[in-house]
Protein chains: 2
Amino acid sequence: MDRPYLLFLGDVADQLAAKTAQGVVHWRRDWCFGQLRLPGCAADLGIEDVTIDQAKAAGVRTLLVGVANSGGFLPDHWVETITGAMAAGMDVASGLHVRLEDVPAIAEAAQRHGSRLFDVRHPTRTFETGKGIKREGLRLLTVGTDCSVGKMYTSLALEQELKQRGRKATFRATGQTGIFIAGEGVSVDAVVADFISGSVEWLSPANDPDHWDLIEGQGSLFHPAFAGVSLGLLHGAQPDAIVLCHEPTRTYMRGLKHQPLPDLRACLEANLEAARLTNPDVRAVGVSVNTSLVGKDARGALIADIEAELGLPTVDPFVEGVGRIVDAL
Amino acid sequence: MDRPYLLFLGDVADQLAAKTAQGVVHWRRDWCFGQLRLPGCAADLGIEDVTIDQAKAAGVRTLLVGVANSGGFLPDHWVETITGAMAAGMDVASGLHVRLEDVPAIAEAAQRHGSRLFDVRHPTRTFETGKGIKREGLRLLTVGTDCSVGKMYTSLALEQELKQRGRKATFRATGQTGIFIAGEGVSVDAVVADFISGSVEWLSPANDPDHWDLIEGQGSLFHPAFAGVSLGLLHGAQPDAIVLCHEPTRTYMRGLKHQPLPDLRACLEANLEAARLTNPDVRAVGVSVNTSLVGKDARGALIADIEAELGLPTVDPFVEGVGRIVDAL
């Protein structure tokens, strides 16, 4: 996807619905020319409100529909803005469940204006099955005790820290928000099951021996719904290093009130054991804890406890950054 | 898929290409009215050659394209036979990679004659994500050291043995040959990654407390390409019992000359450990060894060695049957 982006929020009802667009602004502020909101929009990215004409004049290349709409559909009254962006020469990228090309007015406008449509939830290409052959270059994968515990954030923080230290590093996106942030990637959970690991081999190809891929993990080996995705991702990534991500206030697996969270050490060991199939030299290099729901007084002791238990540098990347994990790399 | 079946072999070049149809004849002889072969066909299922008219008169309901064609496509000169079967009132089921509905003449004939088209490699419905909630009924899953080591054969042999003993048992198919044999099922490796375990929960729903589902495993937790499928299948199956399947002459994982086979005990333990996530009471009940490539003199000692090593009833289901494993159930 070409940049700069114009972030379209429609008229979503709350800030949470714009979480994807917010992630793009947080990590790629300089790719974002402005936001475009319809009357009644309750979300605000804290960047300039602009029109399609202003965006066109500034050379914006892609209109990004970075909202999660309840039900994933595209409201009819958003279509005019989207076709207007194409008339102004932009491509359109969407993270909605519905495919842009399945909306007739959008497909027709794309044809007429020669615009490209990116539906980042849906893989647009086929993959080979995984080979498991070691590729040159270094790879780090974030793994988790559960879904939504900070794997993408941690991967991006590691990329940033490595780059600031002058190291070669590339964030590799495996989910929709990550794909907007990277400008490319694979929605691994939407790939046909036979090709999970193959798609990740494609996503993180051979590279310079001193280049780090920071691969965004998905799900958890201990999530009854998504562990297959997590294992295929782990095998395809062939990680040299893994970072365990955790949200300490979570008492059950996301969406499954009967399923307890795994023990941290058991989770780490299971990931290392499975990873050895395609990289016998894999090692754990750190723990990333999302303490946003932990009281200020409690968080220091909590992180110290985990660090003592697992013997690994433990940080909240949002609070103290990931410098200590990069030191361990 | 309704039965009886008429098995269409086209003009395939060797017996191996008709392996799927052979499996159907082996396990469901009474569902198979006959075979239909074009001039030059080199495969023979050992059942009567019949015409479409004879099949129609006998009440055949489904023409089954049970061959693996190199490349998976459908030769043009097979189309006339397939549309002829539809004109005679039959549905058509295919295990080819190409979808029947993507062949215009076939799609058009299906429309005209009101025939149903089954592409068993491609799931025709959507699934929910896995829930991991325990379902009533008993489940056995065959797991393997590798792909193609006898998981389907073992599952079917177990179903047969249980039924002969008057027990309630249902084979649950997860691959194309199995789906023809069961008349229904899910090609699990073709499901979108997010829904692997959910599709298996759907495939083996709650049942009588004394009813056994015999679920066909796929791949191996130790295959770098397909372990994600195997793990999702394991979690969705929630097995009470697993049977480990093995082919002792295999020296590397199917298709990957650099990847050694796992140790039997390590493979069994990894499957049990992962299965405990959705069924803490899972246990191993037997080992199924395909000794077809082992010399007659060597096979007895080989099976005895495995039995001694793992402490589980060990059989070649093709030679001595699975009675000892069912005893252990």
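Axes here are lines fitted to C-alpha atoms, for helices over the stretch in contact, and angles run from 0 to 180 degrees between N-to-C directions. Helices (H or I, at least four residues) and strands (E, at least two) are DSSP runs, numbered from the N terminus. Contact between two residues means that their C-beta atoms, placed from the backbone, lie within 7 Å.

This is a predicted model, in which local features need pLDDT of at least 70, side-chain atom pairs count only at pLDDT 80 or more, and totals for chains, interfaces and linings use all residues. Residues are numbered from 1 along each chain as its sequence is written, while chains are lettered from A and ligands numbered from 1 in the order in which they are written.

Now the sheet under that helix. In chain B, six strands form an open sheet in the order β7-β8-β6-β9-β10-β11, with parallel pairing. The edges are β7 (168-172) and β11 (314-315) of chain B; each has a single partner strand, so one side of each is left without a neighbour in the sheet. Two strands pair if DSSP finds at least two bridges between them. Strands of a sheet pair through backbone hydrogen bonds, either parallel or antiparallel. β6 (residues 138-144) and β9 (residues 241-246) of chain B pair in the parallel sense over five bridges. V143(B) stands opposite L244(B) in β9(B).

Chain B has another open sheet. Five strands form it in the order β2-β1-β3-β4-β5, and the pairing is parallel. Here β2 (32-37) and β5 (117-119) of chain B are the edge strands; each has a single partner, so one side of each lacks a neighbour in the sheet. On average, neighbouring strands of this sheet are turned by 20 degrees against each other, direction ignored. β1(B) and β2(B) pair in the parallel sense over five bridges. L7(B) has Q35(B) as its bridge partner in β2(B). Helix α3 (residues 79-87) of chain B packs on this sheet, touching β1, β2, β3 (62-65) and β4 (91-94) of chain B. The direction of α3(B) makes about 140 degrees with that of β4(B).

Look next at Y5(B), in strand β1 (residues 5-10) of chain B. Y5(B) is buried, with 28 other C-beta atoms within 10 Å. The cut-offs, with C-beta atoms placed from the backbone, are 20 or more such neighbours within 10 Å for buried, 12 or fewer for exposed, and partly exposed in between. Leaving aside neighbours within four places in sequence, Y5(B) is in contact with V24(B), W31(B), C32(B), F33(B), V60(B), T62(B) and L64(B). Y5(B) and Q35(B) are 30 residues apart in sequence but 9.0 Å apart in space, C-alpha to C-alpha.

Turn to chain A. Chain A has 11 helices and 11 strands. Buried residues make up 54% of its 329 residues. Among contacts in chain A between residues at least 6 apart in sequence, 76% join residues at least 24 apart.

Finally, the two chains meet. The contact takes 30 residues from chain B and 30 residues from chain A. On chain B, α7 (196-203) and α8 (227-237) each supply at least two residues of the side that touches chain A. The largest share, six residues, comes from α8(B).
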